[in-house]
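Have the structure open as you read.

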Amino acid sequence: MAQNKSITSLIMSNLPTVLGIIGMFVISSLYFTNPGWPAAVTLRNSVTLSLPWPIAIVSVLLIRRHANNIIKGESTLPYDATVVGSALLMIILGLVNGISDPTYQTLYANINIIGTMAVISAISISIFSPMIRIYRAKSPTMALLIGLSILAFMTYSPLGQMISPVIPQAGDFVQTYISGASDSAFWISTYIGAVALVTRMILLKEKLKPN
Amino acid sequence: MSYEIVRLDILTVMVASFATLLLSSQFLRGVKLRQIPTVEASLEAVRVATEKGTPLLFDTGWTGANFWGHSSGLTTLAFVPSTLELLKNIAQEAASLDVRVITGTTNAVYAMMSRDFMEAGYGMAGHPERFNPDDIYFYPDNTGLVLSDIEKIHRYNIGAAVMIGGHNQTSNIVIYEALATTGAMLVAGEIWPNDNSMAALCADYLSFAEENIAIGSYLSDDPVPKAILAGEDIIKGFLIAVVVLGSILYYLGVF
Amino acid sequence: MSKALNLSDKRWIYIMIFGIIFFSSVAPISFPIPVVQWSKDFHQVINQGVTVDFADPPREFEGVTAGTRVFILNSGETSKLWGDMSEAVTTVWKDLISRDAEILLWSSSPDNEATLNKYLLPVIYGANPESHPDYGTKFVNLGYVAGGNQLLEQWKDDVIAITPTDAYGNRLEDLPMMADFNNLKEEADLMIGLDARGLETIYVVRFNTPVLEIGGTDSASYLALSYTGGYFKGMLMGQRGGAEYELLSGIKGNSFSYLQNTLTIAAVMIIIMVISNVMYVMKGPTSKVTEGT
Amino acid sequence: MASPIEPLMPYLNTFIFFAAYTVLYKNNPVYRFTQSLIVGVGAGYLLLSNINAFYRGVASQTFVDGSINFSMLIPWILGLGYVCIFIPRLIDVYRAVSILTLTVGMGVVLPYGPAIFWTVSQTYAQNALNFLSDGFSVQTFGNLVTAIAYVLGLSYFFFSDVASKPTTQARKLGRIVLLIYTAMTITTTALGKVNLIQWKVLDTINGVPSTLWIPALMFLIMLVDHFYPLKNIISKKPE
């Protein structure tokens, strides 16, 4: 009796999670059924259509945070003002002239899009740098890896083909058949870990709040 | 209305996987697990930050960003509990050593959860007053996160970092390079394989893919997550058997 | 206070790389390149088709011809990889137009949408794509629609019911091309992902949809599973993939100008890595051993 | 119609790209300003894009031909639940809506895991011994290597002592398989991403107008600052 009571209270204290888990499996059923159960389709579609809200709210929270810094007079004031000012400028432009406004569009493309490409392009320099500074044959395995990196440099530039056609063929073989299988092992272990996560949720071991 | 079942074989494998893990949670309790290097190293990073007198950077990148049905889906959710549990433990250690922990993520919901776990860690150490919610940072996109992380690394001269999570397009290495400038100790593990490759190049301590999901179970006192982790080995063993035995059966024409 | 330039300063590395890129850019040369198998497969599918047999019955796709319905998913990291994907995407797009295909475009995020709006659509369709004669009959742009995988699950049955308007506010039911391009699981003859993920399980294993992929050079590392697993029937990776498709299709582009840079930088990196490792082995290990490697 | 500020955009574009790189020299106000601008502009754009997305998908469909479309009310209700994040007393409403969204999202993608690990394993098994039936070629040998590498790689992720101890050798080889992937990926990533820099450098050289002078000027300023810190000129104090 006491045990039943504790299970009941456990379920009641986790009601949103319990309902969510039931919903999760109902939604999962849509993958395997044709046509899908209409109620499940409605739930899935409604949640999808509501997704712009949380994404938009992240932006509002970010702007609010920097606005609070301005009010508190933090030492980062000029930069907080830049964040808030530029965000407000975009919002005003978009609201007044619509999101197809050319000024609104061109500011985003020439500031944010190109900034993103700058960050991503910096990856190459950030790889070359440690490859030059610390990529050393400290063990036979490391020597093998450095050899393979050199093979990849030859394969994915015209250099290998200029020396011998065998080089890019060997590089392609390693990339397609060994790296490909390794990629599968990486992903599949992760997918199994994800199934384990859901199992822990079913057992109410994952509440996404600390004990 | 009649329903047609699509891919019954996948449905069977899914149900069998859950059944295996649920049974494991009961019957594999107490099974011993091998070590994962980043678990202890993460706490060591807090001590290194203490010695250097600088804050610790705890960056989880895109963790939790895919709450909203993004194409990377389940894998980005899988390590959410793990990173939060790790953050709680790091916060506990940091609170007792009076080290500031600065976090970075791309999701407001995850940032809110981080606050709960960090606060709990500081409370467990008996120093709730040392918790500063303003040290939890989030940005709506990966670009903002990386750019601001680099700025903070320079501004605070970060001496140690734990970067366990999911970054994007290997942008984690841009942060690693900034950490190399300040000579920081780096504990890293990434959920996605290409990002993991960057950690393999730069990290002082490294964990691979699913090991990062498993960290949460290692840190928990509860025997059930550990038992489920052991149960995953059965699924992996089954898949290995599918390839080994299946190849022979396919060759013999049985399928 | 002035400071001497120190050779151990790692900023020399950055200066060297920028130097190589600059000089490669002002002196581009064409080089012979081998065409990798996944690029050959990509062209083969566009040109002659493929059979997909994950589910019963198998689906026969006979290549892109007049009226072939191609769904392009701008749903990966296009905004971040554009400088490495630009030529492959542009060349394939031109090839699809030359074959008179019907193209439906979706962007999964505002930055992906903005990238194609700035760098691709003006090149192909002019400053106002919605005013181009092909718009509505050969090309429809859904623009940014939120939802990722969930959206793809919904669109497999009905696009118009979920997303009634295009990126420019036109109702989809008023656009002639959409009359038989609505139920994606059956009416999309071919899907081309721009670094897109999730198509394998949503479309390929259940509905045998042929899927091709265009990504950055390193996209191959995390998309390899999908190629070796047989889900993607071909891939074009990076500017080199663009150069390969230029060779295979005979459509001229700008891909080859990038090969000089990769050649120079690869040669320099190989020389540095060989010398530094030989010196390291001769001197014996002195630096710290990294746990990961 | 083009924006009146369009003529300035090539310069702004080039400035932003290379200003992001100035941090490689050292942390500086130009980098911090650029970073703040990118974050702010991105936040404003993302906010309005999603308002527009909701308008297209829901708001414009809620009242059609003078009558309410009831299926559109649920996204509105969920949206209002999200707004509760701004009301501390109603934060649990926000949490409940988040959990619902999270679990629905997980429900959609949950089958993908088994779908992938089952069909990939099947495909590898199907092809592994093709060399026995189809003869020895690069492809059939490659298929065998793939199956072996996959098995070894997967074995690395055994966690229990029961499974990991007897497979120690396989796991060591599995670790090498995973590291082979990392070695190839490091290089292909570097070569791929360096194309992005060249793409922009080509734009500064060949674009109209040419903007190459902007990064050249930035480099010169950094060089000067290295020997004669500009901060001292402004603040009249030694660094």
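Let's start with the helix pair: H3 of chain A (residues 38-50) packs against H4 of chain D (residues 91-109) at an angle of about 115 degrees, and their axes sit 10 Å apart. Keep in mind that this is a predicted model.

**Helix pair, chains A and D**

- The crossing of H3(A) and H4(D) is left-handed.
- On the chain A side, the residues in contact are A:Leu43, A:Arg44 and A:Val47, and they meet D:Thr101, D:Val104 and D:Val108 of H4(D).
- Sorted by class, the contact of H3(A) with H4(D) has four nonpolar residues, plus one polar and one charged.

**Strand S4 of chain C: burial**

- S4(C) spans residues 102-107 and is mostly covered, with six of its six residues buried.
- C:Glu102, C:Leu104 and C:Trp106 point one way from the strand, while C:Ile103, C:Leu105 and C:Ser107 point the other way; all are buried.

**Strand S4 of chain C: neighbours**

- S4(C) pairs with S3 of chain C (residues 69-74) in the parallel sense, over six bridges.
- To find this pairing, look for C:Ile72, whose bridge partner in S4(C) is C:Leu105.
- Between S3(C) and S4(C), the chain passes through helix H3 of chain C (residues 78-98), and this β-α-β crossover is right-handed.
- S4(C) also pairs with S5 of chain C (residues 139-144), again parallel, over four bridges.
- Here C:Leu104 has C:Val140 in S5(C) as its bridge partner.

Definitions and conventions. Residues numbered from 1 in each chain as written. Chains lettered and ligands numbered in written order. Predicted model: local features only at pLDDT ≥ 70, side-chain atom pairs only at ≥ 80, totals over all residues. Heavy atoms only, no water. Buried < 20%, exposed > 50% of the residue type's maximum accessible area, 1.4 Å probe, protein only. Helix = DSSP H or I, 4+ residues; strand = E, 2+ residues; numbered from the N terminus. Pairing = 2+ DSSP bridges. Right-handed = clockwise from strand over helix to strand, strands pointing away. Axes fitted to C-alpha atoms, helices over the stretch in contact; angles between N-to-C directions. Left-handed = near helix turned anticlockwise from the far one by under 90°. Contact = heavy atoms within 4.5 Å. Nonpolar A, V, L, I, M, F, W, Y, C, P; charged D, E, K, R; others polar.
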